[in-house]
Amino acid sequence: MKKIKIQFLGASGTVTGSKFYLETPEINIMVDCGMFQGLKELREINWQPLPIDASKIDFVLLTHGHLDHTGYLPRLLKEGFKGEIMATAPTLAITEIILLDSGKIQEEQAKSANQEGYTKHHPAVPFYMVQEAERTVALFNPCEKDEWNSLSENVRFRFRYNGHIIGATFIELEIYGKLFVFSGDIGRKTDLLLSPPERPKWADYLFLESTYGNKLHPVEDVSEILSGLIKQTIQERGNLIIPSFAVERLQTLMYTLWLLFKKNKIPNIPIFVDSPMGNNVLSVFERFPAWHNLSISEYRAMVNHFELITSYADTWKTIDDPRPKIIIAGSGMVTGGRVLTYLQQMLKKPNTQILLVGFQAEGTRGRQLLDGAHELKLFGKYYPVMAKVRLLESLSAHADQNELLYWLSSIENIPEKVFLVHGEPSALDALRVKLKDAKGWNCHIPKQYEAIEIVW
């Protein structure tokens, strides 16, 4: 008899904080180690110790580098983890950038909150510091995709290409002959920068993301929408602000805008990219050309078309620049980063346009803007929203319901159990019903901290 225990430590009933803990008779594994974002009650979970002994985790396997899949790693070390952190080389490169940037932002925000007094905590402290992020990076161990890696006598895994962002994978984890498949975040069948995701052929136990489990992405003419917004920005002598995720979304936007300029569909309007993390991610595209569809010459021509901002002083120069312009700045859900400074100055101007270009989790400022909020809280103060807000859904890097079903369609067996994770309640339940009706699969929606034993 073989027995393993699985505990759901995040992305359970919500779309953030991915963490799955597996105890086997030989070793203990954590798949993904994300930070909660969005609603206050979710963010507060970050500060609670995990209900497991982190010192007993032997390996952490990462599907990809996004903060909601990697951002808890420095805290895991604080709680005693000393094992290896394994992922593809581009994923670890992205994770390093994100953790160091996140540590820096948290230090700066804590310092600012203490100096300006907009905190209930005395003193405000960062979730983790740059130094702790650096200690985390020292435990990184890169792996090739498609190659099986042995973790113990009866446990092995491999990473499979998954689109979504550069370096992203799904994980096939074989334990005593049973195959546990962790989908991570599944990419799109059509993507300007990335190839279509590969698909699993077998899964005894499947852990499936459900971000868009209840939706189909609209068919939008991205070029037409962007061209129209840019023309309107020029006519109104305003600013087009695009809050963007630093990884993949930023590069996709840059490539899209560059192609529009090359095809004479937009004028040579100044385009500022104000995302230190995003600028660093661009270097990952240069380092790992086999992981994306751009040639190096194309990549360099694209980058040279934009004004990359490196200092906070240049952020203010950009704000003071009277020309109509496009500003792409982090973060994608407006939870932090440089975009907050631009919104603080431009949110109350009717000739400002804000273009949201991805999923906006509950409790984020991006969701508030999307839902028509009349004011937004920034740096402890409220600012009226006079800007026009638009959502461009088709640039999402997440598979929609049809694409999820396509990804599953090559699985030859009927999984013994499908765990639906990484989705809001309505999306999770819609996908559960769809999989039951379409495939007859037995799906379970785990709750936060739920533990399940599997015996065979």
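Guide: An axis here is a line fitted to C-alpha atoms, for helices over the stretch in contact, and angles run from 0 to 180 degrees between N-to-C directions. Helices (H or I, at least four residues) and strands (E, at least two) are DSSP runs, numbered from the N terminus. You're looking at a predicted model, where local features need pLDDT of at least 70 and side-chain atom pairs 80 or more, while totals for chains, interfaces and linings use all residues. Residues count from 1 along each chain as its sequence is written, and side-chain values use heavy atoms, leaving out hydrogens and water.

Let's zoom in on H6 (222-235) and H7 (residues 249-262). Their axes come within 11 Å and cross at roughly 75°. H6 and H7 are therefore roughly perpendicular to each other (65 to 115 degrees; under 35 is roughly parallel, over 145 roughly antiparallel, the rest oblique). On the H6 side, the contact (heavy atoms within 4.5 Å) is made by Val222, Ser223, Leu226, Ser227 and Ile230. H7 brings Thr256, Leu257 and Leu260 to that contact.

Now hop over to another pair. H10 (residues 312-320) and H11 (residues 339-346) pack at about 30°, with 11 Å between their axes. That makes H10 roughly parallel to H11. From H10, Tyr312, Thr315, Trp316, Thr318 and Ile319 meet Thr341, Tyr342, Gln345 and Met346 of H11.

Past the end of H7, in the loop between H7 and strand E13 (271-274), you'll find asparagine 264. Asparagine 264 isn't a glycine, yet its phi is positive, about 60°. At 71% relative accessibility, asparagine 264 counts as exposed (over 50%; buried is under 20%, partly exposed in between, with a 1.4 Å probe and protein chains only). Alanine 11 also has a positive phi, near 50°, but it is buried, with a relative accessible area of 0%. Alanine 11 belongs to the loop between strand E1 (3-8) and strand E2 (19-23). Those are worth a glance because most residues other than glycine have a negative phi, and most peptide bonds are trans.

On to the rings. Take phenylalanine 207 and phenylalanine 419: their ring centres are 4.9 Å apart with planes at 25°, so the pair is stacked. Phenylalanine 207 lies in strand E11 (residues 205-209) and phenylalanine 419 in strand E20 (residues 417-421), so the pair ties together parts 212 residues apart in sequence. Phenylalanine 207 is buried at 1% relative accessible area, and phenylalanine 419 is buried at 1% too.

Tyrosine 212 and phenylalanine 359 give you an edge-to-face pair, 5.7 Å centre to centre with 90° between the planes. Tyrosine 212 lies in the loop between E11 and H6, and phenylalanine 359 in the loop between strand E16 (352-356) and helix H12 (365-370), so parts 147 residues apart in sequence are tied together. Tyrosine 212 is buried, at 5%, and phenylalanine 359 is buried, at 13%. Back at phenylalanine 207 and phenylalanine 419, one aromatic cluster takes in Phe8, Phe20, Phe182, Phe207 and Phe419.

Conventions
Rings of Phe, Tyr and Trp (its six-membered ring) pair if their centres lie within 6.5 Å; planes under 30 degrees apart count as stacked, over 60 as edge-to-face and the rest as tilted.
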